[in-house]
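Please walk me through this protein structure, one part at a time.

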Amino acid sequence: MRKYLVSFFLSLAMLSSAQTVAYQPSPENLKARKDFSNSRFGIFLHWGLYSLFGQGEWYMTNQNIDNREYAKAAQAFYPHRFDAKAWVSAIKEAGARYICFTSRHHEGFSMWNTAQSSYNIMNTPYGKDIIRQLADECHRQDVKLHLYYSHLDWTREDYPVGRTGRGTGRDTGKADWKSYYDFMNRQLTELLTGYGEIGAIWFDGVWDHDGDSIPFDWQLAGQYELIHRLQPACLVGNNHHLTPFEGEDIQIFERDVPGENKAGLSGQAVSRLPLETCQTMNGMWGYKVKDQDYKSVSELIRLLARTSAKGANLLLNIGPQPDGTLPEAALQRLSGMGEWLKCYGPSIYETEAGGVGDGEKVVSTRNGKTLYLHVLNPEVAEISVSLPEKVKTAVDFRSRQKLKFRQKDGQLVIPVTVPENVPDYVLELKLS
């Protein structure tokens with residue numbers, strides 16, 4: 001028992017130290033944080049071998065598939081219709097300013113020419129570096145590229161098995177954390193030295209060891225330091241569903257705008273770091289052939305407005321198809337969002353949380369002395385909000401028509417008539 005207690009508190013101390021190392025972001029990093037917040041809209045792309053099965057990205061562990069049998073799919077992976085230019089062009093036209101791509105998901109398959117493992121895109125009939133093509137095109141079109149990287153692996157035997165991937169046929173007696181940690185850092189070094197500027201590394205999987213009797217030390221501090229040393233401006237985010245650790249530059253909320261936690265994955269306190277909400281267009285992250293339940297363009301625009309009103313970015317996910325194309329339903333929604341943002345972009349980009357509204361029917365963003373009220377419910381006939389600052393003018397954002405309003409004792413009232421078929425009716429207020 002004494003030995004166990006010593007080990008427990010030593011592990012606890014190691015975990016604590018990994019999370020409290022003093023971190024001073026560089027000037028380049030601070031600028032990157034500001035640019036990230038100004039962008040407000042990005043696209044998440046979950047793509048790997050799992051797309052071949054058409055069952056989503058958790059198929060291997062959900063069905064307890066032996067990892068060696070699963071890996072045979074690599075010899076059938078030939079995304080002959082992949083066109084990095086078409087992807088980036090469609091995403092840029094949609095008004096998104098960055099792309100986050102899954103370099104390596106929990107299935108362990110790497111989508112670039114890595115020297116650290118033969119389990120990668122080069123050892124498929126396709127045989128071309130996906131991340132190379134995507135990075136080159138993002139740089140050409142001035143779209144930031146972020147890279148998702150999984151902390152857990154359902155295939156490697158040196159990964160200390162957590163609560164997922166227990167039925168994938170690994171020899172758990174071969175776990176070797178030092179070997180696995182070194183492997184990850186070598187891969188991250190490849191990504192950060194061979195593909196030009198990377199806007200962020202987006203980690204996922206720390207939750208795999210939630211509930212361990214002895215806290216698991218992921219040695220995040222050393223990994224974060226490596227990233228910032230290789231590319232000082234590269235942002236670090238981690239989808240661990242916890243309050244941010246030292247060394248992290250953004251805070252991630254899964255399937256919820258910050259502070260809501262309706263999906264049960266984002267109950268952590270909202271920090272002062274730049275914020276990002278990740279959400280799916282349909283139900284799954286990776287391609288699932290039966291999942292055609294896509295959110296409408298109107299729903300997605302309202303989600304973007306609600307997220308921006310919390311001072312957060314929206315990272316909206318698409319699961320590319322096994323042939324390398326984006327689903328037509330996703331392309332239609334990208335086009336619709338792009339059309340809306342061409343008009344209403346100033347009410348989203350480079351704004352901060354407006355602090356006005358009920359969070360559901362009416363939300364707000366602001367840029368200096370300009371406040372944007374987003375009316376998300378068409379049944380609203382009168383806006384009544386608390387606003388201590390004096391309003392000089394109020395106009396319909398699109399038509400520029402002046403609106404009547406009254407303001408007394410810090411309460412602003414604006415009668416409105418929401419036009420038909422408008423997902424987000426935007427008012428622009430100039431404050432004194």
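The tour below goes from a pair of strands to a sheet, then to a helix and a cavity.

Keep in mind that this is a predicted model.

Start with strand β5, residues 235-238. Buried here means under 20% relative accessible area. Now look at the neighbour of β5. Strand β4 spans residues 200-204 and runs parallel to β5. Four bridges join the two strands. To find your place, pick out F203, which stands opposite N238 in β5.

Move on to an open sheet of five strands. Their order is β9-β10-β11-β16-β13, and the pairing is antiparallel. Which strands sit at the edges? They are β9 (352-353) and β13 (391-396), and each pairs on one side only. Further in, β10 covers residues 362-367 and β11 covers residues 370-375. Six bridges join β10 to β11.

Next comes a helix. Helix α10, residues 297-309, lies across β9, β10 and β11. The helix runs at about 60° to β10.

Finish inside the protein. How many cavities of 30 Å³ or more does a search of the whole structure find? The search finds one. About 70 Å³ of space lies in the largest cavity. Its lining has 13 residues, and the closest to its centre are N282, Y294, I318, G319 and P327. By class, eight lining residues are nonpolar, four are polar and one is charged.

Key: Residues numbered from 1 in each chain as written. Predicted model: local features only at pLDDT ≥ 70, side-chain atom pairs only at ≥ 80, totals over all residues. Heavy atoms only, no water. Pairing = 2+ DSSP bridges. Contact = heavy atoms within 4.5 Å. Axes fitted to C-alpha atoms, helices over the stretch in contact; angles between N-to-C directions. 1 Å grid on protein atoms, 1.4 Å probe; cavity = no way out; pocket = protein on both sides within 12 Å on 5 of 7 lines; lining within 4 Å. Points joined across faces, edges and corners; volume = space filled by probe spheres on them. Nonpolar A, V, L, I, M, F, W, Y, C, P; charged D, E, K, R; others polar. Buried < 20%, exposed > 50% of the residue type's maximum accessible area, 1.4 Å probe, protein only.
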